[in-house]
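Colleague: I am new to this entry and would like to go through it by question and answer. Please show it first.

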Amino acid sequence: TYVIAQPCVDVKDRSCVEECPVDCIYEGRRALYIHADECVDCGACEPVCPVEAVFFEADLPAEWHGYRASTTEFFAVGGAGGGAASSGPYDHDSTLVAALEPRNT
Ligand code: F3S
Ligand code: F3S
């Protein structure tokens with residue numbers, strides 16, 4: 001799967017959402033999250049993000065490895081799935097994202 005990491009937090013450009021053919025990028029309060037079971041690894045989201053927040057999971061920079069588990073937690077708490085357009089946005093974030101200092105970018 002692909003994973004959205006820290007650069008997305010408080011930016012939420014959403015260009016990735018428009019590119020995804022299976023609507024598996026879900027919106028939280030401060031960031032977006034890719035549903036690992038629904039992502040078909042097409043990779044369309046990665047090049048369109050202006051802040052380079054999207055990575056194939058194996059290519060996640062070391063400092064952001066935690067975003068894989070963080071994403072799993074986001075979906076476990078929210079019960080999201082079955083299409084982002086019809087189910088989101090959600091009023092929560094993963095513990096990792098929620099704990100970050102606010103950014104005004
Ligand atoms: Fe976030 Fe980049 Fe998508 S900022 S919403 S991952 S285009
Ligand atoms: Fe969608 Fe990106 Fe996966 S465009 S299918 S979330 S690789």
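This is a predicted model: local features need pLDDT of at least 70, side-chain atom pairs count only at pLDDT 80 or more; totals for chains, interfaces and linings use all residues.

Colleague: What is the phi of Glu-52?

Modeller: Most residues other than glycine have a negative phi. Glu-52 is not a glycine, yet its phi is positive, at about 50°.

Colleague: Which loop holds Asp-23, and what is its phi?

Modeller: Asp-23 lies between helix H1 (15-19) and strand E2 (25-27). With 16 C-beta neighbours inside 10 Å, Asp-23 counts as partly exposed. Asp-23 is not a glycine either, and its phi is positive, at about 55°.

Colleague: How far is Asp-23 from Ala-84, C-alpha to C-alpha?

Modeller: Ala-84 lies in helix H3, residues 84-87. Along the chain, Ala-84 and Asp-23 are 61 residues apart.

Colleague: Is Ala-84 buried or exposed?

Modeller: Beyond its neighbours within four places in sequence, Ala-84 is in contact with Val-17, Asp-23, Cys-24, Ile-25, Tyr-26 and Glu-27. The cut-off for burial is 20 or more other C-beta atoms within 10 Å. Ala-84 has 23 C-beta neighbours inside 10 Å, and therefore counts as buried.

Colleague: Which residues does Ser-15 contact, leaving aside its neighbours within four places in sequence?

Modeller: Ser-15 lies in helix H1, and with 13 C-beta neighbours inside 10 Å it counts as partly exposed. Ala-62 is 47 residues from Ser-15 along the chain, and the C-alpha atoms of these two are separated by 25 Å. The contacts of Ser-15, leaving aside those sequence neighbours, are Val-48, Cys-49 and Pro-50.

Colleague: Which residues does Arg-29 contact, leaving aside its neighbours within four places in sequence?

Modeller: Arg-29 is found in the loop between E2 and E3, and counts as partly exposed with 14 C-beta neighbours inside 10 Å. Arg-29 and Ala-98 are 69 residues apart in sequence and 8.6 Å apart in space, C-alpha to C-alpha. The contacts of Arg-29 beyond its sequence neighbours are Asp-91, His-92 and Asp-93.

Colleague: In the largest nonpolar core, which residues touch the most other members?

Modeller: This core has 25 residues. Strand E1 (2-4), E2, E3 and helix H2 (66-78) each supply at least two residues of it. Not counting residues up to four places away in sequence, Ile-4 touches Ala-31, Leu-32, Tyr-33, Ile-34, Ala-53, Val-54 and Tyr-67. Those that touch the most other members are Ile-4, Ile-25, Leu-32 and Tyr-33.

Colleague: Which residues are closest to ligand 1?

Modeller: Ligand 1 is surrounded by 13 residues. By class, nine are nonpolar, one is polar and three are charged. The closest are Cys-8, Asp-13, Cys-16, Cys-49 and Ala-53.

Colleague: And which residues are closest to ligand 2?

Modeller: The shell here has 14 residues. Of these, eleven are nonpolar, one is polar and two are charged. The closest to ligand 2 are Tyr-2, Cys-20, Cys-39, Ala-44 and Cys-45.

Colleague: What pattern does the protein chain follow along the sequence?

Modeller: The secondary structure comes to four helices and four strands. Read along the sequence, their pattern is β-α-β-β-β-α-α-α.

Colleague: What is the radius of gyration of the protein chain?

Modeller: Along its principal axes the C-alpha trace spans about 30 × 25 × 25 Å. For 105 residues, a compact globule would have a radius of gyration near 13 Å. The protein chain agrees with this, at 12 Å.

Colleague: What average pLDDT does the protein chain have?

Modeller: For the complex, the predictor gives an ipTM of 0.98 and a pTM of 0.95. In the protein chain, 97% of the residues score at least 70 in pLDDT. The average pLDDT of the chain is 94.

Terms used: Residues are numbered from 1 along each chain as its sequence is written. Chains are lettered from A and ligands numbered from 1 in the order in which they are written. A residue is near a molecule or strand if its C-beta atom, placed from the backbone, lies within 6 Å of it. Ala, Val, Leu, Ile, Met, Phe, Trp, Tyr, Cys and Pro count as nonpolar, Asp, Glu, Lys and Arg as charged, and the others, Gly among them, as polar. The radius of gyration is taken over C-alpha atoms; the globule rule is 2.2 Å times the number of residues to the power 0.38. A residue is buried if 20 or more other C-beta atoms lie within 10 Å of its own, exposed if 12 or fewer, and partly exposed in between; C-beta atoms are placed from the backbone. Two residues are in contact if their C-beta atoms, placed from the backbone, lie within 7 Å. A nonpolar core is a set of buried Ala, Val, Leu, Ile, Met, Phe, Trp, Tyr and Cys residues joined through C-beta atoms within 7 Å. pLDDT is the predictor's confidence in each residue, from 0 to 100.
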